[in-house]
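Q: I am new to this structure and would like to be taken through it. Could we begin with a term that will be needed, and then turn to the protein itself?

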Amino acid sequence: NAVTGLLPATPNHPHAWVRDNVYSILSVWALALAYRKNADMDEDRAKAYELEQSVVKLMRGLLCCMMKQIDKVERFKYTQSPMDALHAKYCVMTGKVVVSDKDWGHLQVDATSIYLLILAEMTASGLQIIYTLDEVAFIQNLVFYIQSAYRTPDYGIWERGDKTNHGVPELNATSLGMAKAALEALNDLDLFGTRGGPASVINVIPDEAEACQETDAGLLSVISYPAFSVDDPQLIKITRSGIIEKLQVRPLMSLFII
């Protein structure tokens, strides 16, 4: 959308999912990085800048959508209630909510976490996405928001909660892993880049993760791209093997075990 920068689910479905928008804009960012690396001519440098600004526009579009719900972020830190969660999708044209709090499984900690993770990576690459200290404060608040992921059942990457499809939130390993990656990426990061100071640095308070046993294809995004949340090579190997062994039904793969 030319106004908000958001991407619709389909041309005829004007809802912008946070998770889908972040994953989609990664391809544009990757192309911008390629142009920047090999910008031998003015035309290439101009193209790199154009692509980078498209990335910034979408990321800021999502930021504006979430900042409109700043009161919910504050409440969620105390209640951890799904009714106080940030919405998972917004209107492409206006950036406003499209369904009520109770009509969708909005509590998807992995969606907020992937936004924060990619925001951190883009900022570290040199993109200026955060402009003011008010926005810095909001991102810091989102850090506190996802830190509760370690003890908060949510609807997870498949937006369905409990795998029995009864719409009951559960503790999702995908959300835990993505939150861990985002927190590590944001810790001590200056959101103003080289032009910032102590006031624009994000602080993360260490927390203990709860145990979560789950076999889910979404874990691939945790042990590999984009999160790379697991440091132990043996654990990565065991997890990948478990996913293939339990979920692969040739020639396809199940999303999870019911």
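This is a predicted model: local features need pLDDT of at least 70, side-chain atom pairs count only at pLDDT 80 or more; totals for chains, interfaces and linings use all residues.

Q: At what angle do the axes of helix 4 and helix 6 cross?
A: The axes cross at roughly 25 degrees and come within 8 Å. Helix 4 covers residues 109–125, and helix 6 covers residues 173–186. Because angles under 35 degrees count as roughly parallel, helix 4 and helix 6 are roughly parallel to each other.

Q: And what is the handedness of that crossing, left or right?
A: Helix 4 passes helix 6 in a left-handed crossing.

Q: Which residues meet there?
A: On the helix 4 side they are Val109, Asp110, Ser113, Ile114, Leu116, Leu117 and Ala120. Their partners in helix 6 are Thr174, Ser175, Met178, Ala179, Ala181, Ala182, Ala185 and Leu186. By class, this contact of helix 4 with helix 6 has 11 nonpolar, 3 polar and 1 charged residues.

Q: Let us take Ser175: buried or exposed?
A: Ser175, which lies in helix 6, counts as buried, because its relative accessibility is 2%.

Q: What is Ser175 in contact with, apart from its neighbours in sequence?
A: Once the neighbours within four places in sequence are left aside, Ser175 is in contact with Val109, Asp110, Asp154 and Gly156.

Q: How much of the protein is buried?
A: Of its 258 residues, 48% are buried.

Q: Which residues are involved in helix 1 and helix 2?
A: Helix 1 contributes residues including Val18, Ile25, Trp29 and Tyr35, while those in helix 2 include Asp44, Leu51, Val55 and Leu62. By class, the contact has 14 nonpolar, 2 polar and 4 charged residues.

Q: Changing topic, how many disulfides does the structure hold?
A: It holds 0 disulfides. For Cys64, which is in no disulfide, the nearest cysteine sulfur belongs to Cys65 and is 7.1 Å away. Cys91 is in no disulfide either, and its nearest cysteine sulfur, that of Cys65, is 8.7 Å away.

Q: Are those two cysteines buried or partly exposed?
A: Cys64 counts as partly exposed, because its relative accessibility is 38%. Cys91 is buried, with a relative accessible area of 13%.

Q: Finally, where is Trp104?
A: Trp104 is in the loop between strand 2 (89–91) and helix 4. With a relative accessible area of 30%, Trp104 is partly exposed. The C-alpha atoms of Trp104 and Lys89 are separated by 9.5 Å, and the two residues are 15 residues apart along the chain.

How values were computed:
Residues are numbered from 1 along each chain as its sequence is written. Side-chain values use heavy atoms; hydrogens and water are left out. Axes are lines fitted to C-alpha atoms, for helices over the stretch in contact, and angles run from 0 to 180 degrees between N-to-C directions. Helices (H or I, at least four residues) and strands (E, at least two) are DSSP runs, numbered from the N terminus. Angles under 35 degrees count as roughly parallel, over 145 as roughly antiparallel, 65 to 115 as roughly perpendicular and the rest as oblique. A crossing is left-handed if the near helix is turned anticlockwise from the far one by less than a right angle, and right-handed if clockwise. Contact means heavy atoms within 4.5 Å. Ala, Val, Leu, Ile, Met, Phe, Trp, Tyr, Cys and Pro count as nonpolar, Asp, Glu, Lys and Arg as charged, and the others, Gly among them, as polar. A disulfide is a pair of cysteine sulfur atoms within 2.5 Å. Buried means under 20% relative accessible area, exposed over 50%, partly exposed in between (1.4 Å probe, protein chains only).
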